[in-house]
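Hi everyone, thanks for coming. Today I'd like to walk you through the charged side chains of one protein model. Please have a look at it on the screen.

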Amino acid sequence: MIVVGSGAAAMSAAITAHLEGLSVLMLEKTAHIGGSTAISGGAIWIPFNDQTEKVGHPDSEAKVWEYLHNVLGEIPNRSQMQAYLDRGAQALRYLEQHDALRLLGRVYSPDYYPDRSGASMGGRALDPAEFDARELGGKFRELRNPLPEFTVLGGMMITLTDARHLLRVTRSFASWKHGMKLVLRYFKDRLQGYHRGTRTLLGNALAARLFARMVSLGIPYRLHAEVTALLRADPQAPERVTGVEVQTPAGTEQLSARKGVLLATGGFPWDAEMRQAHYPSPTGPYSMSPTGNTGDGIRMGREVGGVLGTGNSSPAFWAPVSVLQRADGTALRYPHLVWDRAKPGLIAVNSAGKRFVNESTSYHEFVIGMYRSHEQVATIPAYLLCDSDFIETWGLGLALPGGRPRQHLEHAGYLVKAPTLDALAGQLGMDGNVLKETVARYNLHAAQGQDPEFGKGSTAYNQYLGDPDHQPNACLAPLQKGPFYAVRVYPGDIGTALGLQADAHARALNAQGTPIPGLYVAGNDQNSVMGGAYPGPGITLGPALTFGWIAAMHMAHPEAAH
């Protein structure tokens, strides 16, 4: 079996195939293992997992189907969704039993649309346990680094809980103790020569543990190995995919795969042509995915008869992204996922200075709101606004809280600062009276803990991301104290949802709906089982792990397929 790519789907498949008796080779075109998984939040959404009941949220298939229908509408590929629900927990159990995963159930984690029937307040989402990357030894440098936004001090990974403690180190002994433990571990790592902290978290921990298991099993892989074409060399079965052509620093090779090839190269967020063809307009280079995710797997799959999925509600999984243009011409992108938008004292406005969305909704839904508003009035970019109390408490994008230096962000044009709302509106090119009226109307209701216009703070998911210590609403507080601040946000993504159509065994399908022999697809190369919707945390990694496992099992035991 040849696996193309090195994220969760690829490593799930490689480990499973090896354990089931196949010889495996994993090919990665970049210098690092982990793909999008390594820079992700790491959540995994799989109903009926082994921890669902343990964390106090018994579930049922009827309830899950009800919720999915209420979010997705018509299920785009029902047999594939059924396979995901039937076999997701089985895949996790298999990988955990073979030391490739260690997951922690969330005691409380509302689905993204908790007000819709069938939603759950927890139990469906899991997080990777932290992983000590010292287990990787010298291979640690081959693991893709996390996003800088998930680190502090130049390479120490932190969770939301860690961040809250670090912000309170001068006000709480418990927080000081928690923070000192993290910092001392980190400095010890650096003194011992590690290029960053060895305490890996989130998606980086998921990728690290999978990678460590691959290494311990002796599964071969190659870096700097770019697969450029699929081979079909069986005269008896001309449609069959029999191997790959790969470009390496040593030259071009052709490699055969007796059982099959799995494409898991991360979708097409960095292919400008495909983005232009399939994304809403306007679009730009705002993806948080690794820049190597240029649609290679999808392109090669289509060259041998594979087809793109149809009927998706979105071609990508959206996230609002702010962009810092550095002096050297490079850009630093920041995803506004869960830290600032839901907190009390922030609003989002369009170019007319008017609110257009529930700021504490999911990152995916926020961008849908941007595109919807943009049809009437320019909302790309949109603006996140706050006052000085907010930025000191929570920060704003790359602008850190707690009095940390921000002048460099102002000079670069990333952070806009003004003494009054009138002056801020002037700098943003909008009508000051309209902006002041927008803020006054929001403030009036926010003081009472309500948002009758857009419902910020009105659902369990909103409140989950707010400030639990703030009353009467965890997501609402007036913007009052100057100076005032703004950052521009663009419609970015955390990966593509549009991919190659596949069946319940992860086999790529042709235009007639027939499996292409020898070709499998998983991860973001496979058309999203959710059809471009985003019902809960981890609906990319859950299917990636599951269908990587399903593909390997089918290759190893095609006779057992059901």
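Let's begin with a term we need: a salt bridge is a side-chain nitrogen of Lys or Arg within 4 Å of a carboxyl oxygen of Asp or Glu. Please keep in mind that this is a predicted model. How many salt bridges does the structure hold? There are 21.

Here is one of them: the side chains of Asp50 and Arg93 come together, with 2.8 Å from N to O. Asp50 sits in the loop between β3 (44-45) and α2 (61-72), while Arg93 belongs to helix α3 (residues 78-97), so this pair ties together parts that are 43 residues apart in sequence.

Now to another pair. Arg106 makes a salt bridge with Asp127, and their closest N and O atoms are 2.8 Å apart. This pair, too, links distant parts of the chain: Arg106 is in the loop between β4 (103-105) and β5 (125-128), and Asp127 is in strand β5, 21 residues apart. Remember that buried means under 20% relative accessible area. Arg106, at 16% relative accessibility, therefore counts as buried, whereas Asp127, with 21%, is partly exposed.

Arg441 and Glu437 meet in a salt bridge of 3.2 Å, N to O. Both are in helix α13 (residues 432-446), four residues apart, which is about one turn of the helix. Arg441 is partly exposed, with a relative accessible area of 30%.

Salt bridges can share partners as well, and in this model Asp132, Arg134, Arg185 and Asp189 are joined that way into one network.

Asp493, in strand β20 (residues 484-496), is buried yet has no salt bridge. Which side chain of opposite charge is nearest to Asp493? That is Arg275, 6.1 Å away.

How values were computed: Residues numbered from 1 in each chain as written. Predicted model: local features only at pLDDT ≥ 70, side-chain atom pairs only at ≥ 80, totals over all residues. Heavy atoms only, no water. Helix = DSSP H or I, 4+ residues; strand = E, 2+ residues; numbered from the N terminus. Buried < 20%, exposed > 50% of the residue type's maximum accessible area, 1.4 Å probe, protein only. Lys, Arg positive; Asp, Glu negative; His and termini not counted.
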